[in-house]
Amino acid sequence: MVNDRNYYGRMEQELRRIAEKRNGEHAESKPSLLLHACCCPCSSRVIELLHEVFDITVFYYNPNITEEEEFEKRFLEFLKLKELAPFAHEIKLVKGKYEPEKFLEMAKGREMLPERGARCYDCYELRLRESISYAAQHGFDYYTTTLSISPYKNADWINEIGVRLMEELRAEGQQGVPAFLLSDFKKKDGYKRSIQLSREYGLYRQDYCGCQYSKREGGYTASGASESGV
């Protein structure tokens, strides 16, 4: 349970704590962060914000993208960003398995629910559960997700799930469980900055989250938004 909903402020506190520790008498290397990435445009601002504090590995795991061509197209944009953006040169990329069947099984019986409802909550959890599993297996210090940069995603849900999954694994006695980095990356013009970076580096911006249900509803442009986001 996350009682303090100032997720961005809590993140800033943690970033300062890490920086102070590294700048102390016994300087340490950057802590490792597994950054679950929904897409490259959203990730661009998050990487820019965090790259000086963390050794970042981008984890592209999105079974909600139900068209393989779209899945591949979005991943290729990370290679472009890594090459072109100075702040992204040192990031590592991990391409998760393409598993749309897992999303479709999770969504069964709820196909007609509107976007931003219960189906989306479980989609967040599906992706974050795979992320923390990978992070724990590979010894990461932290994990988080870029999802909260989107104005169309529920930051309360994202942070609640991220913390709960961490606490569940620790309660089970699993060793090496990474800390969840609280976030609401849309704050302080984070989403606006992601649009600017997308234009600067010519990144492909999609107008729906990736699932066939979002696409069916006309993507985010149906809400009257002038810019796309996931």
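This is a predicted model: local features need pLDDT of at least 70, side-chain atom pairs count only at pLDDT 80 or more; totals for chains, interfaces and linings use all residues.
Let me start with helix pairs. Two packed helices are described by the angle between their axes and the distance between the axes. For α2, residues 40-50, against α3, residues 68-84, that gives about 35° and 9 Å. The crossing of those two is right-handed. On the α2 side you've got Cys40, Ser43, Ser44 and Ile47, and they meet Arg74, Glu77, Phe78 and Leu81 of α3. Sort that contact by class and you find four nonpolar, two polar and two charged residues.

The largest nonpolar core has 60 residues, and the ones touching the most other members are Ile47, Leu50, Phe54, Ile56 and Leu81. Let's zoom in on Ile56. Ignoring neighbours within four places in sequence, isoleucine 56 contacts Leu33, Leu35, Ile47, Leu50 and Ile91, and also His51 and Lys92.

There's also a second, separate core, with seven residues, including Met106, Ala107, Leu126 and Cys209. That takes us to α4, residues 100-107. Which of its residues are buried? They're Pro100, Phe103, Met106 and Ala107. Look down the axis of α4 and these buried residues sit within an arc of 125°, so they line one face of the helix.

Now, what does α4 pack on? One partner is α5, residues 118-137, at an angle of about 145° with the axes 10 Å apart. This crossing is right-handed too. From α4 the contact uses Lys102, Phe103, Met106 and Ala107, and from α5 it uses Arg119, Asp122, Cys123 and Leu126. By class, that's five nonpolar, no polar and three charged.

Last topic, backbone angles. Just after α4, glycine 109 has a positive phi of about 85°. Most residues other than glycine have a negative phi. Where are they? Lysine 188 is in the loop between β5 (179-180) and α7 (190-201), and aspartate 189 also lies in the loop between β5 and α7. Buried or exposed? Lysine 188 is exposed, at 58% relative accessible area, and aspartate 189 is exposed at 52%.

That's what I had, thanks.

Notes. Residues are numbered from 1 along each chain as its sequence is written. Side-chain values use heavy atoms; hydrogens and water are left out. Axes are lines fitted to C-alpha atoms, for helices over the stretch in contact, and angles run from 0 to 180 degrees between N-to-C directions. Helices (H or I, at least four residues) and strands (E, at least two) are DSSP runs, numbered from the N terminus. A crossing is left-handed if the near helix is turned anticlockwise from the far one by less than a right angle, and right-handed if clockwise. Contact means heavy atoms within 4.5 Å. Ala, Val, Leu, Ile, Met, Phe, Trp, Tyr, Cys and Pro count as nonpolar, Asp, Glu, Lys and Arg as charged, and the others, Gly among them, as polar. Buried means under 20% relative accessible area, exposed over 50%, partly exposed in between (1.4 Å probe, protein chains only). The arc is that of the directions from the helix axis to the C-beta atoms. A nonpolar core is a set of buried Ala, Val, Leu, Ile, Met, Phe, Trp, Tyr and Cys residues joined through side-chain atoms within 4.5 Å.
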